[in-house]
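Reader: Hi! I'm new to this one, could you walk me through it?
Author: Happy to, have a look at it first.

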Amino acid sequence: FKDPKLQQLFGRYATYCGSSPFEAPATLTLVANVEQQGVWRIAGGLQSLAFAIETLAKSKGANFRYGSKVERIIVERGKVSGVRLVSGEVIAAAAVISNADVNALASGHFGPDTRGASEPVAATERSLSAMTWALVAETEGFPLLHHTVFFSSNYRAEFDDILRAGRVPHEPTIYVCAEDRADDKILEPGRSERLLLIVNAPARGDALTPQQWETEQCEQRTFGRLERLGLKIRRSPEQTLVRTPGDYEQLFPGTGGALYGRASHGWAASFKRAGCSTKIPGLYLASGSVHPGPGVPLSALSGRQAARRIVKDFNSRGRFRPAAMLGGMSMH
């Protein structure tokens, strides 16, 4: 494309996996082709997918233990033997799937025995983090669709701020998800609606925690720019939930707040992403930080790959069966 705005629009697909459009490989533009085939939403939100998987798994005999924090993955005689919970309880297992970020293992968050299970991701290779606002508010002045992107006037400067200067961009691109809107339906005036606002930010939540004034400054810039572009949002602090890279580091330890694992920068980025198996027998990986990549569809594929690998590995470990041999002998 010769038009700078079209370049900016189609370059946006690189951010779908937390990367800069100026450093990502051209293969990511294939996402545009995929979207032309249709973009789908799940009735009831993404939590409905989790509930459906839980229901199916329970019907197959699976048990779920929520709120049970894992202290460490136990490795004995060179292979996995289970997990120890913070409560002290030990759950024995021949196979363990970690769906945490791969850097949580490399950083020792699951104990020293699993530090070498995956390659660490350097801070300079992390994907983007974000400043996010989830809120219930009234809007006016701009015809929001379900997805609306307000682009910055200088895209390169935005990513230089994030990746070079390590700061929230001075003039960020703002993504607004109007969760109660469909593209073919207009919301009634004066009605409160659910909104999610996202601004890209550096994944330095484990090194630099934004001061309160920095968070407030970013908020003022974000909402002030939206108002200048015609979107006025009437909100209250009681109905606004703010999250910073530091908050995402606390939710996902070892990431620095990176939301997509390793950044897809350079032609070899995909080959650096961890696979479903590890150097420790019995320990497997499944998450948006492993192959094939981030996002709900790809994370689901990583889970399926891990399950298939476990089935394959354990089916190949059966005992030798008796076999007849010449001379009347048998071997076991």
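Author: We'll talk about salt bridges and then a surface patch.
Author: This is a predicted model, where local features need pLDDT of at least 70, side-chain atom pairs count only at pLDDT 80 or more, and totals for chains, interfaces and linings use all residues. Residues are numbered from 1 along each chain as its sequence is written, and side-chain values use heavy atoms, with hydrogens and water left out.

Reader: Thanks! How many salt bridges does the structure hold?
Author: There are 16 salt bridges. The term stands for a side-chain nitrogen of Lys or Arg within 4 Å of a carboxyl oxygen of Asp or Glu.

Reader: Why can such side chains pair?
Author: Opposite charges can pair when the charged atoms come close.

Reader: Nice. Which residue does Lys58 form a salt bridge with?
Author: Its partner is Glu54, and the closest N and O atoms are 3.5 Å apart. Both residues lie in helix H3, four residues apart, which is about one turn of the helix. Helices (H or I, at least four residues) and strands (E, at least two) are DSSP runs, numbered from the N terminus.

Reader: And is Glu54 buried or exposed?
Author: Glu54 counts as buried because its relative accessibility is 15%, while Lys58 is partly exposed at 48%. Buried means under 20% relative accessible area, exposed over 50%, and partly exposed in between (1.4 Å probe, protein chains only).

Reader: What about Arg225 and Glu171, how do their side chains meet?
Author: They meet in a salt bridge of 3.3 Å, N to O. Arg225 lies in helix H6 (residues 212-228) and Glu171 in the loop between helix H5 (155-163) and strand E7 (174-178), so this pair ties together parts that are 54 residues apart in sequence. Arg225 is buried, with a relative accessible area of 10%, whereas Glu171 is partly exposed at 27%.

Reader: Changing topic: which residues make the nonpolar surface patch?
Author: Ile42, Leu46, Leu49, Ile53 and Val296 make a patch of about 420 Å². Patches are made of residues with over 30% relative accessible area and no salt bridge, with like charges joined within 9 Å and nonpolar side chains (Val, Leu, Ile, Met, Phe, Trp, Tyr) within 5 Å. Accessible areas come from the Shrake-Rupley method with a 1.4 Å probe, and for residues only the protein chains shown count as cover.

Reader: Where is Leu49, then?
Author: Leu49 sits in helix H3 (residues 47-59). With 33% relative accessibility, Leu49 counts as partly exposed.
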